[in-house]
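Subject: Structure for you to look at

Hello,

Here is the structure I promised to pass on. Please open it alongside this email; my notes follow below it.

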Amino acid sequence: MRQVPNYADTRQLSWCVYCGGSSKGTRDHVPSKVLIDKPFPDNLPVVGACQPCNSSFSPDEEYLACLIACTLAGSADPDHPQRENVRNILRKRPSLQARLAAAKAENPDGTLL
Ligand SMILES: [Zn+2]
């Protein structure tokens, strides 16, 4: 994965990019690991992020990853998405699987809306 050089002042690297608070050594992967499959690149970019900000995005990132995979599969059935990571998330979080299944809408010809 190509890294973009960081020309920021090193003092700015200790700040949370989302809220400006102290990142205290925690980092957020960009893109989120839930959106890509293993093996992860050794140089997966990271940004400083405080723990509250970092963990607060996880449910949204899981939802997005599952929404994309279920849309591509045409189903929220945990056996259908191509990505193993998404299948595992849907099995572990039946409420998320149910939300995605309920959100599916089809045209009369079976194509997805
Ligand atoms: Zn923050």
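Which residues does leucine 90 touch, not counting residues up to four places away in sequence? They are Cys66, Cys70, Ala76, Pro78, Pro81, Leu96, Gln97 and Leu100. Keep in mind that this is a predicted model.

**Overall layout**

The protein chain has 4 helices and 2 strands. Along the sequence, the order is β-β-α-α-α-α. Of the 113 residues in the protein chain, 25% are buried. Take the contacts in the chain with a separation of 6 or more: 48% of them are between residues 24 or more positions apart.

**The nonpolar core**

Leucine 90 belongs to the largest nonpolar core, which has 11 residues in all. H2 gives the most, with 4 residues.

Start with H3. Its buried residues are Val86, Ile89 and Leu90. They sit on the same side of H3, because they cover an arc of only 95 degrees around the axis. Glu84 and Lys92 are exposed, on the face turned away from the buried side of H3. The cover over the buried residues of H3 includes H2 and H4.

Now H4, which spans residues 94–103. Here Leu96, Gln97 and Leu100 are buried. Seen down the axis of H4, the buried residues fall within an arc of 100 degrees, so they line one face of the helix. Pro94, Ser95, Arg99 and Ala102 are exposed on the other side of H4. The buried residues of H4 are covered by parts that include H2 (58–73) and H3 (84–92).

**The zinc site**

Four cysteines coordinate the zinc ion through their SG atoms: Cys16, Cys19, Cys50 and Cys53. The distances are 2.3 to 2.4 Å. The site is tetrahedral, with angles of 101 to 116 degrees among the 4 donor atoms. Along the chain, the donors have the spacing C-x2-C-x30-C-x2-C. Cysteine 19 and cysteine 50 are 31 residues apart, and this pair links distant parts of the chain. Cysteine 19 is in the segment before strand S1 (27–29). Cysteine 50 is in the loop between strand S2 (46–48) and helix H1 (51–56).

Is cysteine 50 buried or exposed? Its relative accessible area is 10%, so cysteine 50 is buried, the cut-off being under 20%.

Tryptophan 15 lies in the segment before S1. At 45% relative accessibility, tryptophan 15 is partly exposed. Leaving aside neighbours within four places in sequence, tryptophan 15 is in contact with Gly20, Gly21, Ser23 and Gly48. The C-alpha atoms of tryptophan 15 and threonine 26 are separated by 9.8 Å, and the two residues are 11 apart along the chain.

Asparagine 54 is in helix H1. Its relative accessible area is 15%, so asparagine 54 counts as buried. Which residues is asparagine 54 in contact with, leaving aside its neighbours within four places in sequence? The contacts are Arg27, Asp28 and Ala49.

Most peptide bonds are trans. Two bonds are worth a look on that account. The peptide bond from valine 30 to proline 31 is cis, with omega near 5 degrees. The peptide bond from lysine 38 to proline 39 is cis, with omega near 5 degrees. Proline 31 is in the loop between S1 and S2, and proline 39 is found in the loop between S1 and S2 as well.

Serine 32 also lies in the loop between S1 and S2. With 12% relative accessibility, serine 32 counts as buried. What does the side chain of serine 32 make a polar contact with? The partner is the side chain of glutamate 61, at 3.1 Å.

Best wishes

Key:
Residues are numbered from 1 along each chain as its sequence is written. This is a predicted model: local features need pLDDT of at least 70, side-chain atom pairs count only at pLDDT 80 or more; totals for chains, interfaces and linings use all residues. Side-chain values use heavy atoms; hydrogens and water are left out. Buried means under 20% relative accessible area, exposed over 50%, partly exposed in between (1.4 Å probe, protein chains only). The arc is that of the directions from the helix axis to the C-beta atoms. Contact means heavy atoms within 4.5 Å. Donors are N, O and S atoms within 2.8 Å of the metal (3.2 Å for Na, K and Ca); water is not among the atoms, so sites may look incomplete. Four donors count as tetrahedral if all angles lie between 85 and 135 degrees; four count as square planar and six as octahedral if opposite donors are over 155 degrees apart and all others between 65 and 115; anything else is irregular. A polar contact is a pair of N or O atoms within 3.5 Å; within protein, one must be able to donate a hydrogen and the other to accept it, and residues adjacent in sequence count only if both atoms are side-chain atoms. A nonpolar core is a set of buried Ala, Val, Leu, Ile, Met, Phe, Trp, Tyr and Cys residues joined through side-chain atoms within 4.5 Å.
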